Protein chains: 2
Amino acid sequence: MNAVIAHGGGPTAVLNASLVGLYKEWSRRSRGGKLFAARFGVRGILEGNFVELTGIPEARLREAARTPGSMIGSSRLPLTAGDIEKIGRVFRERGIDCFFYTGGNGSMETALRISRAVPGLQVIGIPKTIDNDLAVTHHTPGYPSAARFFIQAVRDIGLDNRALPSPICIVEVLGRNTGWIAAATALARARRDDAPHLIYFPERRLSLDRIATDVETVYRRLGRVVIAVCEGQIDDRGQPFGADVDRAGSDVHRLASNLGHTLAAALTRKLGIRARAEKPGLLGRSCSALSSGIDRRHSMACGHAAAKAALHGESGKMITLTPEGTGLTEFENVARIERPVPDAWIAAGSNDVGESFREFLTPLVGRIDLPPSFEIW
Amino acid sequence: MNAVIAHGGGPTAVLNASLVGLYKEWSRRSRGGKLFAARFGVRGILEGNFVELTGIPEARLREAARTPGSMIGSSRLPLTAGDIEKIGRVFRERGIDCFFYTGGNGSMETALRISRAVPGLQVIGIPKTIDNDLAVTHHTPGYPSAARFFIQAVRDIGLDNRALPSPICIVEVLGRNTGWIAAATALARARRDDAPHLIYFPERRLSLDRIATDVETVYRRLGRVVIAVCEGQIDDRGQPFGADVDRAGSDVHRLASNLGHTLAAALTRKLGIRARAEKPGLLGRSCSALSSGIDRRHSMACGHAAAKAALHGESGKMITLTPEGTGLTEFENVARIERPVPDAWIAAGSNDVGESFREFLTPLVGRIDLPPSFEIW
């Protein structure tokens, strides 16, 4: 039995750990079956760019498991029906019996399409996304590390801001369409009036008037406001805040998101108060020093479970994390389904989270050596 | 003998360590002299907002020394001649014999003005700035920690970018008018073609044409470009890149810097290549987890040395760091003097640094547990 592993979408701080888990379990139990990696995701399959994963020394595996990014690359290439057919052809020609695909809900839709289009091919999904927006699974590998990074970042920035109050300080937090990571920054608070003073996530639309009122209220009381806002925040018309589209000449360039700064500029104009924005951006999903060891172990466990499931003849399913370990769910239950932060975990009448959310997240991020929150001496 | 300590300018990850050093040495040797902190810098002096530092338990001191921000606040308040006079009056009324002022070259000018205006007052400066642009001192407390943060950040972002090539990825690096921190990111490279592929700092002016040519050259070869650029970068006319000034109605709002994004947008327009920007911003000077232990010890040593100098009757001088320990220099040698990265340390014909710079920086940042640079398997 021969297999191919490919990744889809953005890397995480612990994505390599699931590859290492898969490789180890496959090496132990596949009875000589080969494991190939497609370099740079499905693009590697289409281009026949494979590498056999074999004989990797233990020390390199340990090193890889703590390295952010992806040892085999990844891609965001959207697949046409023709591409899917071609993938089936490549697999048949190379004698591939099993395909492992790592990713979020978009990648699981791709896995489902390939699974339906290529008869006889076993397809197993491995969950991965910092966004934590996959259905069924308790959480997704990658999320706890990103959450841990932003908790620490907001604590540190909050302490800096307390010492030299900057009237408005916006921290742009990763998260495509859901607010799981932005919500996590609530754990940066140790005392009343600790940052973040305001949290915004796209599960609740947000008008500029609303945020301006919120900001003014905190500013009047404290003289400083630290805001954690999800990069995917939408305004009250359902449009992204901070969409930066440039119409130079006849070309329309879709520029990268700049939500924090756009919001800072809008607040300065509206309130006449100085505002600045920080955007750790890709560092939030790649920061090795602040990643979560628990997250890394969970990611590795998903790799193990994927190898086991395939060798047990499973197909058309994604590995899930459960409070007890790992499980399996049909692709249909996760493909293109986006899981927002549950309503019950969002505090009523505000963009903040309650105790249930803290109870969910605390064990996942593990102990964080946060600097103590302080009052000015 | 009674003293006041105040901070000026932005906090660092290790500013509290110099306060702790000063407090400890003062408590040991001042023979009952009182030490007051002015809350929120010179503003605290003008408003009579003081707290006596006394009887602080060892455990709180240890905790404070590893806390970013400032336990006594800071300010950026510019002082009028009237303010300086008032500070002298406040000190006389309260029986203050000695004033410690922590900061960079702007703060040392303030210290010099106070020292000249208030007869009989001993004034001692304590160096502090992430920018490392103070003259005479070997380096400034705060700089090694900020450098260490950005080295790690660029390594991590570079690994992420290698896995999922984003054509142009700009990392905006702290640094007001000099490129010390941006230059430090050269230490993120372990192999050829590691990030950062391009480094820009304001010691060299930069035209958009030049950067576009540089970027295109790297992009053609690697398909990805990670750029570290100093937030204070100036263009070929000496103007700041990314100055974002908004003229809404009759008001002119000076908005916070947004250099990375502005540059990304300009490159996308010019080259038709997708670009994004990350701006860790204040996290770069406050990140507790990535601060440098060596930096913390140096900062504490400056506090010690300041107390000793004052008790030995010194005045009108700033503590310096030397390769052997600490020294003293007259305020006139550092006030308002900006030390750029030396020409000899900048590689000829490019915006990059050579071996002398690495030799200077390596011992200051200490061992960094960087994830290994890798080639795609």
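1. The lining of the largest cavity is made up of two nonpolar, six polar and six charged residues. The model is a predicted one, and the values here are computed from it.

2. The volume of this largest cavity is about 100 Å³. Its lining has 14 residues, and those nearest its centre are A:Asn258, A:His261, A:Lys279, B:Asn258 and B:Lys279. Two or more lining residues come from each of helix H9 (259–271) and strand E11 (275–278) of chain A, and from H9 and E11 of chain B.

3. How many cavities of 30 Å³ or more does a search of the whole structure find? There are three.

4. Turning to the interface, chain A and chain B each bring 71 residues to the contact. Between them the two chains bury about 5,800 Å², and 64% of that area is on carbon and sulfur atoms.

5. Polar contact across the interface of chain B and chain A is found for 19 residue pairs, counting pairs with both residues at pLDDT 80 or more. Which elements of chain B each supply at least two residues of the side that touches chain A? They are helix H3 (58–65), helix H6 (143–163), strand E9 (245–248), helix H9 (259–271), strand E11 (275–278) and helix H10 (283–286). H6(B) gives the largest share of that side, with nine residues.

6. The side of chain B that touches chain A can also be sorted by class: 37 of its residues are nonpolar, 17 are polar and 17 are charged.

7. Four salt bridges are found across the interface of chain B and chain A. In one salt bridge, the side chain of A:Arg285 meets that of B:Asp160, with 2.8 Å from N to O.

8. Helix H9 and strand E11 of chain B give two or more residues to the lining of the largest cavity. H9 and E11 of chain B also each supply at least two residues of the side that touches chain A.

Methods: Residues are numbered from 1 along each chain as its sequence is written. Chains are lettered from A and ligands numbered from 1 in the order in which they are written. This is a predicted model: local features need pLDDT of at least 70, side-chain atom pairs count only at pLDDT 80 or more; totals for chains, interfaces and linings use all residues. Side-chain values use heavy atoms; hydrogens and water are left out. Contact means heavy atoms within 4.5 Å. Buried area is the accessible area (1.4 Å probe) that two parts lose on being put together, summed over both. A polar contact is a pair of N or O atoms within 3.5 Å; within protein, one must be able to donate a hydrogen and the other to accept it, and residues adjacent in sequence count only if both atoms are side-chain atoms. Helices (H or I, at least four residues) and strands (E, at least two) are DSSP runs, numbered from the N terminus. Ala, Val, Leu, Ile, Met, Phe, Trp, Tyr, Cys and Pro count as nonpolar, Asp, Glu, Lys and Arg as charged, and the others, Gly among them, as polar. On a 1 Å grid over the protein atoms alone, a cavity is a set of points where a 1.4 Å probe fits but cannot get out, and a pocket is an open set with protein on both sides within 12 Å along at least five of seven lines; lining residues have an atom within 4 Å of a point. Grid points are joined across faces, edges and corners, and a volume is the space filled by probe spheres set on the points.
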